[in-house]
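Please look over the structure below before reading on. The briefing that follows starts with a definition and then goes through the model topic by topic.

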Amino acid sequence: MPDPVQMLIDDHKKVKDLFQQFERADGSREKRKIVEEAIRELRVHSALEEQAFYPAIRAVKEADDIMDEADEEHHVADVLMDELESMTPRHSHYDAKFTVLAESVRHHIEEEEGEMFPKAKGLGDERLRSLGEQMSQLKQQLTRKEGAARRSSPGRARSK
Ligand SMILES: [Fe+2]
């Protein structure tokens with residue numbers, strides 16, 4: 001039975017790992033590959049949160065402020081990812097932009113895991129179970145969609 005919070009924590013591990021790989025990478029080809037993979041992971045992950053997890057947590061008492069902040073942090077990440085996708089590693093600020101994306105996502109992850117995810121308990125076991133089911137189906141759909149978008153326009157990723 002998929003635990004919705006654990007699913008998101010697993011995604012977080014994956015992107016934090018990619019951020020570390022980027023820090024160790026040298027050579028623009030390797031960096032670009034890592035950046036593209038991180039963006040792919042983040043797009044699927046944030047859509048999953050926005051479409052399923054966040055609306056569910058909004059229903060929990062006193063979650064509004066945290067959720068508003070999270071929405072804004074997703075927005076900042078979207079802007080940075082859009083910009084990165086219109087750049088190549090030759091741009092002077094490519095590395096810096098990805099580093100800022102990584103820093104802000106790390107901060108966002110800390111807030112989610114520290115403040116937001118504990119609120120999920122307020123949903124109760126039954127709701128959590130159905131949310132987990134919903135999220136694992138949605139994740140498969142989103143992953144397929146993201147893959148298809150990339151195949152149809154490699155490089156400059158997805159259509160909005
Ligand atoms: Fe998030």
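Helices (H or I, at least four residues) and strands (E, at least two) are taken as DSSP runs and are numbered from the N terminus. This is a predicted model, in which local features need pLDDT of at least 70 and side-chain atom pairs count only at pLDDT 80 or more, while totals for chains, interfaces and linings use all residues. Residues are numbered from 1 along each chain as its sequence is written, and side-chain values use heavy atoms, with hydrogens and water left out.

**Helix 1**

- The 21 residues of helix 1 should span 30 Å at 1.5 Å a residue, and the end C-alpha atoms are 31 Å apart, which agrees; the expected span is 1.5 Å times one less than the number of residues.
- Pro4, Val5, Met7, Leu8, Asp11, His12, Val15, Leu18, Phe19 and Phe22 are buried in helix 1, where buried means under 20% relative accessible area, exposed over 50%, and partly exposed in between (1.4 Å probe, protein chains only).

**His12 and its surroundings**

- His12 belongs to helix 1 (residues 4–24) and is buried, with a relative accessible area of 1%.
- Leaving aside residues up to four places away in sequence, His12 touches His45, Glu49, Ile109, Glu112, Glu113 and Phe117, contact meaning heavy atoms within 4.5 Å.
- The side chains of His12 and Glu112 are joined by a polar contact of 2.9 Å.

**The iron site**

- The iron ion has as its protein donors Glu49 (OE), Tyr54 (OH), His74 (NE2), His108 (NE2) and Glu112 (OE), which lie 1.9 to 2.6 Å from it; donors are N, O and S atoms within 2.8 Å of the metal (3.2 Å for Na, K and Ca), and sites may look incomplete, as water is not among the atoms.
- Glu49 lies in helix 2 and Glu112 in helix 4, so this pair ties together parts that are 63 residues apart in sequence.
- Glu49 is buried at a relative accessible area of 0%, and Glu112 also counts as buried, at 1% relative accessibility.

**Salt bridges**

- The structure holds 13 salt bridges, each a side-chain nitrogen of Lys or Arg within 4 Å of a carboxyl oxygen of Asp or Glu.
- One of them joins the side chains of Asp95 and Lys31 at 2.7 Å, N to O; Asp95 lies in helix 4 (residues 94–116) and Lys31 in helix 2 (residues 28–58), so the pair ties together parts that are 64 residues apart in sequence.
- Arg43 forms a salt bridge with Asp82, the closest N and O atoms being 2.8 Å apart, and Arg43 itself counts as buried at 4% relative accessibility.
- Arg43, Asp78, Asp82 and Glu85 are linked in a network of salt bridges.

Methods: A polar contact is a pair of N or O atoms within 3.5 Å; within protein, one must be able to donate a hydrogen and the other to accept it, and residues adjacent in sequence count only if both atoms are side-chain atoms.
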